[in-house]
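Biologist: I am new to this one. Could you show it to me and then take my questions?

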Amino acid sequence: MPDLIYPPESWNPRPDQMPLWLALQEGVENIEAITHRQYGKDELFQHATACNALERPASYTYCLPKTVDVRKNMWEAVNPRTGVSRIDEIYPESIRLAKLERDMIIRMPHEQGDGKFSNIMYTGSDNHTGLRGQTSLEYNFSEWAYCDPQSLAVIRPIVTANGGKMRFFTTAYGKNHAYKMLIENARKPNWRCFLVTNNKRHPLADLPEGRGIIHIQSHQIPEDKMREILEENIQLYGPEVGTALTEQEYECSFEEIVPGSFYLDLLLIAEREGRITNIAPRPELPVYAFFDIGFTDPTAIWYVQVKEQGWLDCVGYDEFTITSAPELVPILKKRAWYYGGLYLPHDGAHHEFTSGTTAESIMTTSGFRVDVMPRTDDAQQIPSVRTILPRCRFANIPEVQRGLECLRHFHNTPKMKDGRMSWSPRPQHDWSSHGAKAFATLGYFAPELQAGVKPPTKRLPDPLRAAAMSYDQRGQGWMR
């Protein structure tokens with residue numbers, strides 16, 4: 001086999017990319033890089049992945065935020081400067097062994113020419129089942145700030161078992177999971193954390209919590225071009241959002257700015273008022289559970305108590321993937337509280353399961369008081385949530401923080417018509433939708449909740465035996 005030359009001679013890392021490239025070549029165990037837009041982070045990390053695949057035969061995984069976008073945004077994307085497929089530029093046909101179109105897998109040879117090979121699979125962070133089924137040596141998460149943060153919990157055991165590596169790279173998107181990881185991991189010896197701005201020195205680089213972060217000013221985009229970008233964003237979004245968005249995208253500002261967020265403004269007020277705090281469920285009060293039922297998507301549940309002066313205390317939050325209604329019953333009963341009621345979305349009464357019954361029937365027969373919300377649309381749900389959020393307090397625990405992340409990032413998308421920007425009334429469906437939809441169930445039922453429901457005098461009965469027996473024992477349930 002002839003000598004392999006890689007990376008291709010048509011590509012070399014720029015001087016401002018060299019610190020990151022050297023860390024990748026050193027094989028640093030874990031890397032996080034928050035960079036400005038147009039830095040070329042995907043080209044950089046994909047070339048590094050290809051180098052590793054040539055050197056060590058194994059499986060490698062490359063994740064974008066959503067599986068549905070992987071094909072059009074990465075697999076079939078064309079470099080406008082060259083007119084060549086970006087995948088073909090990263091993995092030239094002369095080097096790769098195969099390009100598996102259906103599965104979006106690149107097969108690369110071992111540089112030793114011994115017949116061994118590597119597979120590089122492209123997928124989405126929302127594909128928990130696919131990620132759980134992989135045993136990759138290396139995981140790359142592109143636009144990590146926009147990815148489902150629970151994907152890290154899915155791959156972590158695999159990485160630990162394989163002695164593998166993790167790479168996270170993204171533009172900034174508020175003080176979400178990407179920001180928190182940057183701060184928490186910068187001082188750890190098995191992490192290398194980078195912050196790449198365009199022109200400005202980042203304030204975080206001069207603060208104690210920024211210790212250990214490698215700060216790079218790329219000067220990749222000229223000042224006149226940046227002025228043009230700023231003017232365009234101000235024209236599209238207005239001066240406040242336009243300026244904040246430009247700082248976020250090109251200077252890595254972590255100020256909370258999620259354009260189109262339905263609830264971020266009210267959650268920022270909750271933070272300032274100290275309503276995300278150390279609260280715990282009170283044993284003498286009932287807990288109400290509010291659902292968004294998933295089938296192929298996760299099922300989300302908010303747990304809420306009604307306190308004095310009408311406060312709604314959100315004391316817990318859960319997400320379950322590939323979990324059937326009969327399987328949820330014992331999970332709910334293990335919680336250290338008693339329920340005033342379970343509240344389901346409209347499909348809790350209408351969706352047929354493999355057991356031949358519904359979530360409402362299974363939960364009711366298992367001893368729970370159940371109410372089902374009628375079918376409503378986003379135009380009704382979003383105002384109802386905004387109405388109750390000023391009454392809400394949130395437990396400062398990881399589970400509830402996950403639910404808050406969903407609420408912060410539940411957003412619609414801008415659309416252009418005749419050169420003018422407006423906002424689509426429909427929310428973007430992504431990882432944040434499930435927690436936000438479960439909260440909409442709370443928004444609908446909140447006016448009728450009571451604090452003074454008496455606790456049960458005896459244990460709730462076991463789950464419906466008939467439902468359990470008729471449930472498909474091969475593992476196929478309501479979320480096939």
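Biologist: Which residues form one aromatic cluster?

Modeller: This is a predicted model: local features need pLDDT of at least 70, side-chain atom pairs count only at pLDDT 80 or more, and totals for chains, interfaces and linings use all residues. Residues are numbered from 1 along each chain as its sequence is written, and side-chain values use heavy atoms, with hydrogens and water left out. Rings of Phe, Tyr and Trp (its six-membered ring) pair if their centres lie within 6.5 Å; planes under 30 degrees apart are stacked, over 60 edge-to-face, the rest tilted. One cluster is formed by F45, Y62, W75, Y122 and F169.

Biologist: What is the angle between the planes of Y179 and F254?

Modeller: The structure holds 25 aromatic pairs. Y179 with F254 is a tilted one, 4.7 Å centre to centre. Their planes make an angle of 55 degrees.

Biologist: How many residues apart are Y179 and F254?

Modeller: Helices (H or I, at least four residues) and strands (E, at least two) are DSSP runs, numbered from the N terminus. Y179 sits in helix α7 (residues 177-185). F254 sits in the loop between α9 (239-251) and α10. The pair links distant parts of the chain, 75 residues apart.

Biologist: Is F254 buried or exposed?

Modeller: Buried means under 20% relative accessible area, exposed over 50%, partly exposed in between (1.4 Å probe, protein chains only). Y179, at 15%, counts as buried. F254 has a relative accessible area of 6%, so F254 is buried.

Biologist: In which strand does Y317 lie?

Modeller: W302 is buried at 0%, and Y317 is buried at 2%. W302 lies in strand β12 (residues 299-306), so the pair ties together parts 15 residues apart in sequence. Y317 lies in strand β13 (residues 312-320).

Biologist: What is the bridge partner of V304 in β13?

Modeller: Two strands pair if DSSP finds at least two bridges between them. β12 and β13 run antiparallel, joined by eight bridges. In β13, V304 has as its bridge partner C314.

Biologist: Which strands stand at the edges of the sheet of seven strands?

Modeller: That open sheet has mixed pairing and the order β10-β16-β13-β12-β11-β14-β15. Each edge strand has a single partner, so one side of each is left without a neighbour in the sheet. The two are β10 (276-277) and β15 (370-372).

Biologist: What are the edge strands of the sheet of nine strands?

Modeller: This open sheet also shows mixed pairing, in the order β3-β4-β5-β2-β6-β7-β1-β8-β9. Each edge strand pairs on one side only: β3 (98-100) and β9 (213-217).

Biologist: Which residue is the bridge partner of Y62 in β6?

Modeller: Strand β2 (residues 59-64) and strand β6 (residues 138-142) pair in the parallel sense over four bridges. The partner of Y62 in β6 is N140.

Biologist: What angle does the direction of α2 make with that of β2?

Modeller: Contact means heavy atoms within 4.5 Å. Axes are lines fitted to C-alpha atoms, for helices over the stretch in contact, and angles run from 0 to 180 degrees between N-to-C directions. Helix α2 (residues 41-55) packs on the sheet, touching β1, β2, β4 (105-109), β5 (117-124), β6 and β7. Its direction and that of β2 make about 170 degrees.

Biologist: How many residues of β5 are buried?

Modeller: β5 runs parallel to β2, with six bridges. β5 runs antiparallel to β4, with five bridges. β5 is mostly covered, and of its eight residues the buried ones number seven.

Biologist: At what angle do the axes of α10 and α15 cross?

Modeller: The axes of helix α10 (residues 264-272) and helix α15 (residues 398-409) come within 8 Å. L264, L267 and E271 in α10 meet L404, L407 and R408 in α15. The axes cross at roughly 135 degrees.

Biologist: How far apart in space are R402 and E319, C-alpha to C-alpha?

Modeller: R402 is found in helix α15. R402 is buried, at 9%. Leaving aside neighbours within four places in sequence, its contacts include D148, Y317, E319 and W431. R402 and E319 are 83 residues apart in sequence, and in space 9.2 Å.
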